[in-house]
Amino acid sequence: MTDYRTALVVGAGDGLSASLARLFAQEGLRVGLAARDVGKLRELAAATGAVTVACDAGEPDQVAALFERMVERLGAAPDVVVYNASARVRGPLVDLAPDAVAHALKVSAYGGFLVAQQAARHMLPRGSGTILLTGASA
């Protein structure tokens, strides 16, 4: 990670993404955290020196704005981007509500696409970067 200076974790929470944020900060990276509810990130942000931005990863305009805000607040586009947002629906296939499944796909798949697309747009001009799609625990 020595060449990396900035990291962004989208869908940040208290599990894998918190561990990654701590690792990135420990390695000297400036860290950005994004979630729909950034209030839940106060302790993690304080512990890592991270900046936080509220973002619904399933909304293209919010994802584009997230990257612009992170460039401003981190001083550069993220070198490493982790997409850890997810939504899940539990139950037998025949009992699942279509709108709940649509929401889960929007967050898990479409949101991942939107974040990866914006990350790539910022990484391609400089010719480097890493995008990780973790899928959270779901």
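Predicted model: local features only at pLDDT ≥ 70, side-chain atom pairs only at ≥ 80, totals over all residues.
**Entry: the pocket**

I noted what a pocket is here: on a 1 Å grid over the protein atoms alone, an open set of points where a 1.4 Å probe fits, with protein on both sides within 12 Å along at least five of seven lines. Lining residues have an atom within 4 Å of a point.

I listed the lining of the largest pocket next. It has 22 residues, and the closest to the pocket centre are Gly11, Ala12, Arg36, Lys40 and Ala85. The elements that give two or more residues to this lining are α1 (16-26) and β2 (30-35). Helices (H or I, at least four residues) and strands (E, at least two) are DSSP runs, numbered from the N terminus.

I sorted the lining by class and found ten nonpolar, seven polar and five charged residues. In this scheme Ala, Val, Leu, Ile, Met, Phe, Trp, Tyr, Cys and Pro count as nonpolar, Asp, Glu, Lys and Arg as charged, and the others, Gly among them, as polar.

**Entry: the sheet**

In what order do the five strands stand? I read β3-β2-β1-β4-β5, an open sheet with parallel pairing. Two strands pair if DSSP finds at least two bridges between them. The edge strands are β3 (51-54) and β5 (130-133), and each pairs on one side only. The twist averages 15° from one strand to the next.

I then went through the pairs. Strand β1 (residues 6-10) is joined to β2 by five bridges. There, threonine 6 has arginine 30 of β2 as its bridge partner. Four bridges join β2 to β3, and alanine 34 stands opposite valine 53 in β3. Four bridges also join β1 to β4, with valine 82 of β4 as the bridge partner of valine 9. β4 and β5 pair over four bridges, and valine 80 has threonine 130 of β5 as its partner.

**Entry: strand faces**

I checked burial along the strands. Buried means under 20% relative accessible area, exposed over 50%, partly exposed in between (1.4 Å probe, protein chains only). Five of the five residues of β1 are buried, so this strand is largely enclosed by the rest of the structure. Thr6, Leu8 and Val10 lie on one side of β1, with Ala7 and Val9 on the other.

In β4, Val80 and Val82 point one way and Val81 and Tyr83 the other, and all are buried.

I looked for contacts, meaning heavy atoms within 4.5 Å. Helix α3 (residues 60-74) packs on the sheet and touches β1, β2, β3 and β4 (80-83). The direction of α3 makes about 160° with that of β3. Helix α4 lies across β1, β4 and β5, running at about 175° to β4. Axes are lines fitted to C-alpha atoms, for helices over the stretch in contact, and angles run from 0 to 180 degrees between N-to-C directions.

Is histidine 122 buried or exposed? Histidine 122 counts as buried because its relative accessibility is 19%. This residue lies in helix α4 (residues 98-123). Not counting residues up to four places away in sequence, histidine 122 touches Phe67, Glu68, Val71 and Ala77.

Glycine 112 is also found in helix α4. Glycine 112 counts as buried, at 6% relative accessibility. Leaving aside neighbours within four places in sequence, I found glycine 112 in contact with Tyr83, Val107 and Leu133. The C-alpha atoms of glycine 112 and valine 10 are separated by 9.2 Å, though the two are 102 residues apart along the chain.

Threonine 134 is in the segment after β5. Threonine 134 is partly exposed, with a relative accessible area of 30%. Not counting residues up to four places away, threonine 134 touches Leu16, Val82, Tyr83 and Asn84. The C-alpha atoms of threonine 134 and tyrosine 83 are 6.0 Å apart.

How values were computed: Residues numbered from 1 in each chain as written. Heavy atoms only, no water.
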